[in-house]
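Here are a few exercises to work through with the model open beside you. Try each task yourself before you read its solution.

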Amino acid sequence: MSWQQRARALADDLTALGALDLAWREAFEQVPRHVFVPRFYQPDGTLIEGADPDARDEWLDAVYRDDSLTTQRLVEPGSGRIVPTSSSTRPSLMALMLRMLDVRDGHSVLEIGTGTGYNAALLAYRLGDHRVTSIDIDPDLVEAARIAAHRIGLAPYLVAGEGDKGVPERAPFDRVLATCAVPTIPTQWVAQLADRGIIVADLRAATSSSLVTLHRTAEGIATGRFHPTPGYFMWLRPRADDPRRDEQESNFIYDHTASRHSTTWLDPALLAEPGLGLMVAASVPDLIQSVTFADPLTYGLRARDGSWAKVDKDSNDVVQSGQRSVWNEIEAAALHWERLGRPEPSRFGLTVSTDNGQQVWFDDPDGHQVRVQESETNWGCDVRSHVVSDDVEEVG
Ligand SMILES: C[S@@+](CC[C@H](N)C(=O)[O-])C[C@H]1O[C@@H](n2cnc3c(N)ncnc32)[C@H](O)[C@@H]1O
């Protein structure tokens, strides 16, 4: 099967799923994803090279499936863990975010996280090269993306730099699309937004990953609701050669003073509910990590000050330690969420202001705020949320 047939079949699948808008269909059929993904890592770390004749069919099949493909991995200083740092996003998620972005012909778009360059190429195919700007922290990725785009006759404006600063020399933008996750929306994205502009981003925390659409409502202010679908994007990180989103992370300690034992009525599995995850992210400050351990099946949480909690998923036994009773705070957020009738993420919204930071609200932007977030760190900064590990000692 040729790549064109594969691309058409994928576009058919995405259309049948209801993921792909007609306006984007031609771009998905005509822009060859395989040019931007010459190789990728399988989940077990095996590298699949398109140039290897023996691997060619496996490579092409994967590239034209609705899957995210890891294209770069780095070693984490300290732990030595290998962490994915770039990928080609799952096509249905890209299509969803392009729909949320409500791109119209003539719009200028800023993408944060060039990665392979495939998404920038889709945008350039539809809108024209000069309307598309994309930035990545890693100059090597930007160069590879530029070469791939040129191979198919496209030349969006690609630049290496810190994505949270935006690209002021190309502003204002009608649309800003972030394909790496952030704990708070950088105010530069709002500042660089044109009149009636829209931002789509993945706001992540220890217990949640929430796509959000923000509309510019006034100079320096953007507001909008969360989407039910999580993004689980890689973190926006400060350095190209370091996979961590926070260099301080390795220095965080566990506070083992004053361990307390109890049992809980709250099933930790409920935290996988996007609505509860979002409620916790918005109302329990400074959680930095959530981990699921395999044996025994245990859920762990850690706060910035070193306080931690561990819950046995079978017995519901809880151990907490440190200054804060982290699990009690989670229970209080869960109780609040239950009383509100277990709301979905779309009942919550976010307002970002270049002067006042960000606030999460419930139902009505002018109404009840779940919590006014006083600091940059309040939304948490887990690097390894939802990691499954056998190493129970890590949290205890
Ligand atoms: C999921 S990938 C993006 C996928 C990409 N849009 C595509 O179509 O292939 C996330 C990207 O964000 C980039 N990134 C991480 N931190 C960044 C930062 N501070 N500024 C800009 N890009 C960053 C990573 O290097 C990585 O390439």
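β4 contributes the most to the shell around the ligand, with four residues. Helices (H or I, at least four residues) and strands (E, at least two) are DSSP runs, numbered from the N terminus. This is a predicted model, in which local features need pLDDT of at least 70 and side-chain atom pairs count only at pLDDT 80 or more, while totals for chains, interfaces and linings use all residues. Residues are numbered from 1 along each chain as its sequence is written, and side-chain values use heavy atoms, with hydrogens and water left out.

**Exercise 1. Describe the surroundings of the ligand.**

Step 1: start with the shell. A residue is near a molecule if one of its heavy atoms lies within 4 Å of it. The ligand is surrounded by 25 residues, and the closest are Ser 86, Thr 116, Asp 136, Gly 163 and Arg 237.

Step 2: sort them by class. The shell has seven nonpolar, 14 polar and four charged residues. Here Ala, Val, Leu, Ile, Met, Phe, Trp, Tyr, Cys and Pro count as nonpolar, Asp, Glu, Lys and Arg as charged, and the others, Gly among them, as polar.

Step 3: look for polar contacts, meaning pairs of N or O atoms within 3.5 Å; within protein, one must be able to donate a hydrogen and the other to accept it, and residues adjacent in sequence count only if both atoms are side-chain atoms. The side chain of Ser 86 places an N or O atom 2.7 Å from a ligand oxygen. For Ser 87, a backbone N or O atom lies 3.2 Å from an oxygen atom of the ligand. Asp 136 has a polar side-chain atom 2.7 Å from a ligand oxygen.

Step 4: check the cover. Taken alone the ligand exposes 600 Å², of which the protein buries 99%; these areas come from the Shrake-Rupley method with a 1.4 Å probe, and for residues only the protein chains shown count as cover.

Step 5: find the elements. Those giving two or more residues to the shell are β4 (82-88), α6 (118-127) and β6 (132-136).

**Exercise 2. Is Ser 86 buried or exposed, and what does Ser 86 touch?**

Step 1: locate Ser 86, which sits in strand β4.

Step 2: apply the cut-offs. Buried means under 20% relative accessible area, exposed over 50%, and partly exposed in between (1.4 Å probe, protein chains only). Ser 86 has a relative accessible area of 4%, so Ser 86 is buried.

Step 3: list contacts, meaning heavy atoms within 4.5 Å. Beyond neighbours within four places in sequence, Ser 86 contacts Thr 70, Thr 71, Gln 72, Gly 115, Leu 141 and Met 234.

**Exercise 3. How many residues of helices α6 and α9 are buried?**

Step 1: in α6, nine of the ten residues are buried, including Tyr 118 and Arg 126.

Step 2: in α9 (residues 274-283), eight of the ten are buried, so this helix is largely enclosed by the rest of the structure.

**Exercise 4. Which parts call for a careful look at the backbone or the confidence?**

Step 1: recall that most residues other than glycine have a negative phi, and most peptide bonds are trans.

Step 2: note the cis peptide bond from Ala 171 to Pro 172, with omega near 0°. Ala 258, not a glycine, has a positive phi of about 55°.

Step 3: check pLDDT, the predictor's confidence in each residue, from 0 to 100. The protein's mean is 90, and 91% of its residues reach 70 or more. Over residues 372-396, however, the pLDDT is below 50. Where pLDDT is low, the predicted coordinates should not be read in detail.
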